[in-house]
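Please open the structure in a viewer that lets you select by chain and residue number. The stops below follow one another, and each says what to select and what is found there.

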Amino acid sequence: MTTRFLIAGFGGQGILFAGKFLVNKGMMEGKQVTWLPSYGPEMRGGTANCSVVIGDEPVSSPIVDHPDVLMVMNLPSLDKYEDAVNPGGWIFVDSTLIERKVRRQDVHAVYVPATRMAGENGVTTLANMILSGAMLARLGQYEPENVEAALKKVVSVKHPEMYDFNRKALEMGRNFE
Amino acid sequence: MADKVLMKGNEAIAEAAIMAGCRHYFGYPITPQTEVAAYMAKRMPKIGGVFLQAESEIAAINMVYGVSSTGHRVMTSSSSPGISLKSEGLSYLAGADLPALVVNVQRGGPGLGGIQPSQSDYFQATKGGGHGDFRMIVLAPASVQEMADLTVKGFDLADEYRMTAMILADGTMGQMMEPVEIPKIEKKEFDKSWAVTGTGMGRKHNIVNSLSLAPAELERQNFERFQRYGRIQEKEAMWEEYRMEDAEYCLVAFGIAARVTKAAIDEARKKGIRAGMIRPITLWPFPEKALAAAAEKCVSFATVELNMGQMIDDVRLAISCKRPVKLIHRAGGIIPSPEEVLRGIENMEGGAEK
């Protein structure tokens, strides 16, 4: 069993960070994992994405052309990747930033107003983690101990206070709806 | 998994180099290898090492020459256009028989090109890398673990044979994160009696130099060097075989292309196509014997490359053109999808070039 994730949005939304959190969680659970970012001029203000593969077998290609799970935080990313999602897969949409609905009928679409929720709850920059929390909960992969342990790995040692904010954001996503 | 850490390929190279005893790094930033330099900048001052951002790639490779002359382990890293700038220095290192580790995290070319992953420096790396008759040992990692392991191996080979070992990676290998176990190093001793360390008035001067004006002496040096290269070709080729036991169709790919090819082979097998892969881990020396043996039992070959077809020449040579060899490729920074490679394999099956 291998799950291929694609996380996409604007540079600065914490796309790569959300991927790092996810891949650390996978590794702590003893899975085979890879994390591959887009890199270069795309980083600043342009589009950013990262591919994460988590599975039981060694990962052959780290590039995710056809995700099982797509998490999108801007419209260009939904436009670009919607058709690539494997049938039966998942699309998680930040519905504050993306007004349109998913057109595909053969995938699970989940809409979370993550950016609005972040703004209203004092975690303005953490819409990425609200969406991540919702994603893990829907996928049945939100094990609080592993989530917290993975978060500890990725929060900067220079800003330990960010751990609580991130955990709060993840929990908000987990409890959404 | 307890002792594994998640690292980018570029960081794994840097940490492994430190573990291998490298305390001198000289470089100049260029995407997509800048994390090597950034990691060194952070770590070297804490362990009594030297990190120096040179004024140019040319300066950096000549600093490598200087440190190597004193017998210390030293490295530089860059990406394609930067490696071209270093090529004069690579030739001088070869002429002076100095060991060094040089990392090329390739991007698309020619010229300034792009910044996305590529394998288009295969010719440059394996056929010389500068003027004059010389070779470099070229190592092609296909995982973050190999980025670390082959860095250590590269230093050892460089010291043993007194020459440059190059890590030929690509943007994907440099940027991706995977769990990696930083290798524990067994300390090996290498003969460095040639190094310029000061005579202490107790021995004759050592001279490290690539200038040799007498043709007979220069010819002798070249023949001696190529005897050494012959030993390397005999002993040091490394490769991995994947599902080759009963393979009729032999794919040949290295680095990230080999990862994609593995996925394509698994799909081909599901369709009843008996495909397998030989993955060169050393590109020079090229695993000629493995290819020649495969030519005895496989009906056709294909290389999967991120360039316009470079390694394909070495495959044809290794199998003495006994079987058709097809090229499956993308260029300019694009990586083929497993589906594209699968279509290429199906094309072999159809026997388009048979």
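**Stop 1: chain A**

Select chain A, which has six helices and six strands; helices (H or I, at least four residues) and strands (E, at least two) are DSSP runs, numbered from the N terminus. This is a predicted model, in which local features need pLDDT of at least 70 and side-chain atom pairs count only at pLDDT 80 or more, while totals for chains, interfaces and linings use all residues. Residues are numbered from 1 along each chain as its sequence is written, chains are lettered from A and ligands numbered from 1 in the order in which they are written, and side-chain values use heavy atoms, with hydrogens and water left out.

Trace chain A from its N terminus, and the elements come in the order β-α-β-β-β-α-β-β-α-α-α-α. Along the principal axes, the C-alpha atoms of chain A fill a box of roughly 40 × 40 × 35 Å. The radius of gyration of chain A is 15 Å, which agrees with the value near 16 Å that a compact globule of 177 residues would have. That radius is taken over C-alpha atoms, and the globule rule is 2.2 Å times the number of residues to the power 0.38.

Next, select Arg116(A) and Glu120(A), which form a salt bridge with the closest N and O atoms 3.3 Å apart. A salt bridge here is a side-chain nitrogen of Lys or Arg within 4 Å of a carboxyl oxygen of Asp or Glu. Both residues belong to helix 3 (residues 114–120) of chain A, four residues apart, about one turn of the helix. Over all chains, the structure holds 34 salt bridges.

**Stop 2: chain B as a whole**

Switch to chain B, where there are twelve helices and 14 strands. Its radius of gyration is 21 Å, close to the 20 Å that the globule rule gives for 354 residues, so chain B is as compact as a globular protein of that length. The C-alpha atoms of chain B fill a box of roughly 70 × 50 × 40 Å, taken along the principal axes.

**Stop 3**

Zoom in on Gly109(B) and Pro110(B), which are joined by a cis peptide bond with omega about 5 degrees. Pro110(B) sits in the loop between strand 5 (100–106) and helix 5 of chain B.

Go on to Trp284(B) and Pro285(B): the peptide bond from the former to the latter is cis, with omega near 0 degrees. Pro285(B) is in the loop between strand 12 (282–284) and helix 10 (288–295) of chain B.

Then pick Met201(B), whose phi is positive, about 60 degrees, although it is not a glycine. The loop that holds Met201(B) runs between strand 8 and helix 8 of chain B.

**Stop 4: the two domains of chain B**

Colour domain 1 (5–198 + 222–235) and domain 2 (240–350) of chain B separately; these bounds come from an automatic or database domain assignment. The C-alpha centres of the two domains of chain B lie 27 Å apart.

Between them, 32 residues of domain 1 of chain B are in contact (heavy atoms within 4.5 Å) with 26 residues of domain 2 of chain B. The two domains bury about 2,400 Å² between them, 56% of it on carbon and sulfur atoms. Buried area is the accessible area (1.4 Å probe) that two parts lose on being put together, summed over both.

How many salt bridges are there between domain 1 of chain B and domain 2 of chain B? The count is four. To look at another salt bridge in chain B, select Glu234(B) and Lys289(B), with the closest N and O atoms 3.0 Å apart.

**Stop 5: where chain B touches chain A**

Show both chains again. Here 26 residues of chain B are in contact with 21 residues of chain A. The area buried between the chains is about 1,700 Å², and carbon and sulfur atoms give 71% of that. There are zero salt bridges between chain B and chain A.

On the chain B side, strand 1 (5–8), helix 7 (171–175), strand 8 (177–180), helix 9 (255–270) and helix 12 (338–350) each supply at least two residues that touch chain A. Finish on helix 9 of chain B, which gives the largest share of that side, five residues.
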